[in-house]
Amino acid sequence: VGAGRGYSDAPKLAFDARGTLHLVYAESAGGPFARYHIRYSRWLEGGGFGAARAISSSSASAGDATGAGYPALAADAHGRLCVIWEVFADREAGPFGLAFTVSDDAGDSFTPPAMVPNSRDPAAGGNGSQQGLLMEKLAMNAAGAIAIVNSSLQPRQRSRVWLMRAQWRR
């Protein structure tokens with residue numbers, strides 16, 4: 001894809017209905033324990049991936065977030081893309097919610113990042129286990145129906161698994 005000077009992790013791929021290959025991943029300029037952001041690229045008609053660009057912004061996705069990581073990517077039959085990622089206030093404390101951005105033009109542009117509604121619940125604790133960070137949390141069908149699933153854990157108190165569904169509208 002391309003060698004960067006930063007530390008890249010957790011890549012995800014998706015093909016859209018036109019056969020374009022899309023890629024998202026987390027990248028940190030300061031190494032594996034520094035702040036991450038989410039980057040996007042797609043396969044170009046001439047071959048190879050285009051230049052990756054940042055699509056997450058911690059200030060836009062959550063007021064007290066310092067980073068983003070572990071993205072998920074899905075595409076529908078109309079070239080629309082949905083990207084979600086874990087939001088971190090403190091890298092050591094773990095993620096505390098999910099943020100998202102969407103593109104209705106096959107990745108040419110993305111909406112400003114926003115929090116997934118109700119994905120942040122301080123009483124429920126942080127997002128689930130370490131194993132859950134790399135699991136599939138996002139699905140989108142050909143018609144643009146979106147499903148997001150996640151878990152949260154408050155050690156020695158409670159845990160929950162939640163599912164949110166939405167429909168893409170023009």
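Me: How many cavities of 30 Å³ or more does a search of the whole structure find?

Reply: The search finds two cavities of 30 Å³ or more. On a 1 Å grid over the protein atoms alone, a cavity is a set of points where a 1.4 Å probe fits but cannot get out, and lining residues have an atom within 4 Å of a point. Grid points are joined across faces, edges and corners, and a volume is the space filled by probe spheres set on the points. This is a predicted model, in which local features need pLDDT of at least 70 and side-chain atom pairs count only at pLDDT 80 or more, while totals for chains, interfaces and linings use all residues. Residues are numbered from 1 along each chain as its sequence is written, and side-chain values use heavy atoms, with hydrogens and water left out.

Me: What lines the largest cavity, and which residues are closest to its centre?

Reply: The largest cavity holds about 40 Å³ of space. Its lining has 13 residues, of which Ser-119, Gly-125, Asn-127, Ser-152 and Arg-160 are the closest to the centre. By strand, where strands (E, at least two residues) are DSSP runs numbered from the N terminus, β11 gives the most to this lining, with three residues.

Me: And how does that lining divide by residue type?

Reply: It divides into three nonpolar, seven polar and three charged residues, with Ala, Val, Leu, Ile, Met, Phe, Trp, Tyr, Cys and Pro counted as nonpolar, Asp, Glu, Lys and Arg as charged, and the others, Gly among them, as polar.

Me: OK, what volume does the largest pocket have?

Reply: The largest pocket has a volume of about 270 Å³, a pocket being an open set with protein on both sides within 12 Å along at least five of seven lines. Its lining divides into 10 nonpolar residues, one polar and one charged, and includes Phe-100, Ile-146, Met-164 and Trp-168. The largest share, three residues, comes from β12.

Me: Switching to rings: how many aromatic pairs are there?

Reply: There are four aromatic pairs in the whole structure, where rings of Phe, Tyr and Trp (its six-membered ring) pair if their centres lie within 6.5 Å, and planes under 30 degrees apart count as stacked, over 60 as edge-to-face and the rest as tilted. One of them joins Tyr-7 and Tyr-36, whose ring centres are 6.3 Å apart with the planes at 80°, so this pair is edge-to-face. Tyr-7 sits in strand β1 and Tyr-36 in the loop between β2 and β3, 29 residues apart.

Me: Is Tyr-36 buried or exposed?

Reply: Tyr-36 is buried, with a relative accessible area of 4%, and Tyr-7 is partly exposed at 36%; buried means under 20% relative accessible area, exposed over 50%, and partly exposed in between (1.4 Å probe, protein chains only).

Me: What about Tyr-70 and Phe-88?

Reply: Tyr-70 and Phe-88 form a tilted pair, with 6.4 Å centre to centre and 40° between the planes. Tyr-70 lies in strand β5 and Phe-88 in strand β6, so the pair ties together parts that are 18 residues apart in sequence. Both residues are buried.

Me: Why is β6 largely enclosed?

Reply: Eight of the eight residues of β6 are buried, so the rest of the structure largely encloses this strand. β6 pairs with β5 in the antiparallel sense over seven bridges, and eight bridges join β6 to β7, also antiparallel; two strands pair if DSSP finds at least two bridges between them.

Me: Which residues face each other there?

Reply: Gly-69 stands opposite Glu-86 in β6, and Val-83 has Thr-101 in β7 as its bridge partner.

Notes
Helix = DSSP H or I, 4+ residues; strand = E, 2+ residues; numbered from the N terminus.
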